[in-house]
Amino acid sequence: MKSGYQNGGVDNAHTKVLLTSLSAMVAETTTFPVDLIKTRLQLQGESLSSTRSTSAFRIALDIIREQGPLGLYKGLSPAIIRHLFYTPIRIVGYEHLRRMVCTDNGSLSIIVKAAVGGTSGCIAQVIASPADLVKVRMQADGRLMSQGLQPRYSGPFDAFSKIVQAEGFRGLWKGVFPNIQRAFLVNMGELACYDHAKQIVIKSRVAEDNVYAHTLASIMSGLAATSLSCPADVVKTRMMNQAAQKEGKVLYSSSYDCLVKTVKVEGIRALWKGFFPTWARLGPWQFVFWVSYEKFRKIAGLSSF
């Protein structure tokens with residue numbers, strides 16, 4: 001089967017956008033509870049009053065006990081909205097940029113693919129950052145509810161409105177720089193590793209271009225993306241969660257300030273807080289997305305990614 005890279009000029013870009021959006025929605029809905037737990041773990045220790053260490057399993061039990069099973073999907077709607085922009089731009093953009101660099105995918109090195117993947121991820125993240133901000137704020141709201149406090153937002157549109165009113169239109173892009181850093185690292189690991197790993201699996205005849213090859217490649221790309229992105233993800237989550245106080249003061253003045261304070265107060269290991277929940281989410285997310293996307297492409301008559 002020819003790769004989508006070689007046949008990209010013939011393939012319908014609009015169909016690819018539709019298929020990536022559909023695959024991302026399926027993957028996001030399937031793995032969202034793990035993402036919520038990961039966010040709570042990364043915010044743990046940020047408040048001086050919350051010094052008690054806990055685990056992902058305990059956080060999940062607390063959420064279910066206090067908010068019911070649906071509490072695990074707090075912030076799902078902005079996450080879906082985000083992926084309607086983020087995933088099509090980075091996936092379709094990667095194929096387009098890859099084709100611009102070289103017409104033969106097999107001749108591209110992993111380094112070039114990493115640069116292409118990181119670039120497409122950065123572009124997509126800048127556009128999708130407001131929805132990502134709302135998702136993080138709504139996920140963090142669940143922690144306020146567990147402390148007996150009122151949540152800041154009643155829904156995604158209420159969150160958009162209140163953020164603009166309190167922090168200005170530019171407030172929707174709060175944390176955009178650590179977000180971009182994370183997006184570069186995630187997509188550098190995810191897209192380049194999936195693309196390259198699938199080629200190696202097929203060329204070495206471990207598997208044909210089928211669900212087995214897609215599964216192996218997605219597992220490797222998930223591990224690479226998690227290892228590279230976790231520190232930036234912790235900084236991004238904390239930067240995006242902080243809201244300006246009445247005096248206009250914020251806990252972190254920049255992503256670098258957040259990095260330094262996190263390491264100083266909680267140690268270097270704090271940068272990998274939520275590593276296993278992140279991997280536990282990225283692994284299944286990658287599996288569901290890539291297997292679905294490759295299958296949808298085949299059904300639609302498009303060539304393999």
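## Main nonpolar core

The largest nonpolar core has 17 residues, and Ile91, Phe289, Trp290, Tyr293 and Phe305 touch the most other members. A nonpolar core here is a set of buried Ala, Val, Leu, Ile, Met, Phe, Trp, Tyr and Cys residues joined through side-chain atoms within 4.5 Å. Buried means under 20% relative accessible area, exposed over 50%, and partly exposed in between (1.4 Å probe, protein chains only).

Four helices each give this core at least two residues: H1 (13–43), H3 (76–101), H6 (176–203) and H9 (275–299). H9 supplies the largest share, 5 residues.

## Tyr293 and a second core

Tyr293 touches Lys16, Leu19, Thr20, Ser23, Ile91, Glu95 and Phe305, leaving aside residues up to four places away in sequence. Contact means heavy atoms within 4.5 Å. A second, separate core holds 9 residues, among them Leu133, Val134, Tyr153 and Met240.

## Model and numbering

This is a predicted model: local features need pLDDT of at least 70, side-chain atom pairs count only at pLDDT 80 or more, and totals for chains, interfaces and linings use all residues. Residues are numbered from 1 along each chain as its sequence is written, and side-chain values use heavy atoms, with hydrogens and water left out.

## Whole chain

The chain has 9 helices and 0 strands. Helices (H or I, at least four residues) and strands (E, at least two) are DSSP runs, numbered from the N terminus.

Of the chain's 305 residues, 53% are buried. Among contacts with a separation of 6 or more, 78% come from residues 24 or more positions apart.
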